[in-house]
Amino acid sequence: MVSLPLDDNSGVSTIKSYFKSLKEKASEKSKVVVAGGLAILLTIIILFSTGAIGYLKIALQSIEDVSVCPLSEPLAPASFYKDNTTVLRILNDEKFRLKSVQKLSGAVQIDTTIFDNQPDVSEDPKVWEKFADFHLYLQTTFPTVFALLEVEYVNTYGIVLYWKGSNKSLKPLMLTAHQDVVPVQKATLGDWSYPPFEGHYDGEYLYGRGSSDCKNVLISIMETFELYIEEQYKPERGIVAAFGFDEEASGIISASKLAKYLEKKFGKDSMYAIIDEGVGLIKDASTGQIVAVPGTGEKGYLDVKVNLKTPGGHSSVPPDHTSIGLMSELAYLIEKDPYEPILTTKNPILKYLQCSAVHSGDKLSKFTRKTILRAGFDKLANSKVVESLTANPLTRYLISTAQAIDIIKGGEKANALPESVQLIVNHRIALESSVDETKSRFVSRVKTIASKHDLGLESFGETILEPTTKGNFVVDYSSNALEPAPVSPSDDTVWRYLTGVVRHVFEDLVYPDLEYPIVAAPGIMTGNTDTRYYWNLTKNIYRFSPFFSNDMMIENKIHSVDERVRVGAHLELTAFFYQYIQAVDTPDADNK
Ligand SMILES: *[C@@H]1O[C@H](CO)[C@@H](O)[C@H](O)[C@H]1NC(C)=O
Ligand SMILES: *[C@@H]1O[C@H](CO)[C@@H](O)[C@H](O)[C@H]1NC(C)=O
Ligand SMILES: *[C@@H]1O[C@H](CO)[C@@H](O)[C@H](O)[C@H]1NC(C)=O
Ligand SMILES: [Zn+2]
């Protein structure tokens, strides 16, 4: 476990010696001053004994220094100053808007629903044929893109588009999105305002499954390519687009293979950056200001299953605890002891808060801002911030491992002792932790119950407690585990270009009347995207779809009834891609 950098108290000793010398000076002079010195000493004692010195230090913290979260300068591609008509057309032209609606609506109309645990394409090609329809749609809607770019199909339906750059020594930029969508629950069909695969446009929103997760991203990328081709754009830096087709079922069948293909073709650390789906611009809940939140981290993932087998028998002569009772005791122990929150400088959330603290003006109280600024190295300040994040269920799990007992199965008959019980616990692992740490904590709890009741325990193939006649636990994975993702940089040139273009697009073009700069602050994804397979390709991975949304759940209704996207938001995203690709089309955009 990464421990919190502790306060070394050097500040305290400085203050101590300052007061000590004050006291010495005082004793040389008059009694009145001595009394004054004693009063100060007394104050110090009180300060130490109540921990008030910590508060004093917070109060003395400066909030002037913005170096913890420097603002990127707005950054437009050079072409913008020569001719800005295309980007303005994307954002404001009614004809462009309607064409765009048509393209996205058509994509939504093709049902590309994916379910869990499907067979591979080679095992059961029929299951996947709907993606052939989707390909045909893309090929006929964007014929110039398929004609001009190198196209590769990976595991039949994964799509890689490659636009070669003229300068081979520049790493390509990689854009990703997925073709699949989550199922629509039959029972909710009647609740949709418009049928989920109609792609209905009501003049403001486009409705339908996939409209904001994330056929909008895929279509934005394609529309951008199409515009470039019309304009005979010739990139220096290559551009790669990769579209998986089972992201909503963990990407096992597509993104995992796209990753292998890309690593083989381009090599390790071969991409300039990867921009995948994610949150874009939101209104910060505490400051009310619009902020851009590129996802720089993802929590880890672990499903553990534990089986308990005990001797059967007639329930007229039961033991004190049946396997169901024993498993319940384990469940009770697990829930009684949730994971402690932890917030270190490793977690993008700390930087996110610090960005709010230095850039939100008076929207947050001075004391709050000062506390946040010290939270990376000051124990008291850290505990205050952790306390307030933990109090809110929406932010609590940004800083702690989540554990949820999601499945329990056991028992066959009302008069027979249960011989086998199974429990499955889902974990979303905090950035400071690891799969191993989570496993061993889980096993230690099983061991507590096993020891208490004289049961055997086998854990991930290893015998921890010898089998007994009373019963035996077996702990194992129930799906693929995933470490927390490496945190992407939020202080390098790649980040500066990304967030500089966001400022340009949203401050200059989308919200020209905004009275404050758009601050970019890193965030973490609560789920995992296809980028879980792309760690080898670059350290600059951003889960980021820059369009404004009040809330991806409430406004866009992702995975829910009436999923929709504001068409204005779709155009913002296209405008962003159009400006960003050009802005990074230079060696200047590289990390030095
Ligand atoms: C677009 O270019 C025109 C002509 O150069 C200029 O007058 C206008 O201010 C520009 N618009 C923006 C939003 O920069
Ligand atoms: C190609 O990119 C490299 C940086 O990787 C740069 O030094 C070189 O000048 C570029 N070549 C051209 C023709 O722009
Ligand atoms: C990343 O690279 C490591 C080391 O070469 C390799 O074992 C791993 O399979 C790669 N990851 C993916 C997702 O391809
Ligand atoms: Zn998605």
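**Ground rules.** I am working with a predicted model, where local features need pLDDT of at least 70, side-chain atom pairs count only at pLDDT 80 or more, and totals for chains, interfaces and linings use all residues. Residues are numbered from 1 along each chain as its sequence is written, chains are lettered from A and ligands numbered from 1 in the order in which they are written, and side-chain values use heavy atoms, with hydrogens and water left out.

**Entry: the zinc ion.** I began with ligand 4, the zinc ion, and looked up its protein donors: His178 (NE2), Asp213 (OD), Glu277 (OE) and Glu277 (OE), at 1.9 to 2.6 Å from the ion. Donors here are N, O and S atoms within 2.8 Å of the metal (3.2 Å for Na, K and Ca), and since water is not among the atoms, sites may look incomplete.

Next I checked the geometry. The 4 donor atoms make angles of 53 to 150 degrees, and the site is irregular. For four donors, tetrahedral would need all angles between 85 and 135 degrees; four count as square planar and six as octahedral if opposite donors are over 155 degrees apart and all others between 65 and 115, and anything else is irregular.

**Entry: His178 and Asp213.** Are these two buried or exposed? His178 counts as buried because its relative accessibility is 0%, and Asp213 is buried too, at 8%. Buried means under 20% relative accessible area, exposed over 50%, and partly exposed in between (1.4 Å probe, protein chains only).

I also found a polar contact of 3.1 Å between the side chains of His178 and Asp213. A polar atom of the His178 side chain lies 2.9 Å from the backbone oxygen of Asp180 as well. A polar contact is a pair of N or O atoms within 3.5 Å; within protein, one must be able to donate a hydrogen and the other to accept it, and residues adjacent in sequence count only if both atoms are side-chain atoms.

**Entry: ligand 3.** Around ligand 3 I listed Lys260, Glu263, Lys268, Tyr533 and Asn536, where a residue counts if one of its heavy atoms lies within 4 Å. Oxygen atoms of ligand 3 lie 3.0 Å from a polar side-chain atom of Lys260, 2.9 Å from one of Lys268 and 2.3 Å from one of Asn536. The protein buries 47% of the 360 Å² that ligand 3 exposes when taken alone; accessible areas come from the Shrake-Rupley method with a 1.4 Å probe, and for residues only the protein chains shown count as cover.

**Entry: ligand 2.** Asn167, Ser169, Leu170, Glu236 and Pro587 surround ligand 2. I noted an oxygen atom of ligand 2 at 2.4 Å from a polar side-chain atom of Asn167, and one at 3.1 Å from a polar side-chain atom of Ser169.

**Entry: ligand 1.** Last, I found Phe80, Asn84 and Leu509 around ligand 1. A polar side-chain atom of Asn84 is 2.3 Å from an oxygen atom of ligand 1.
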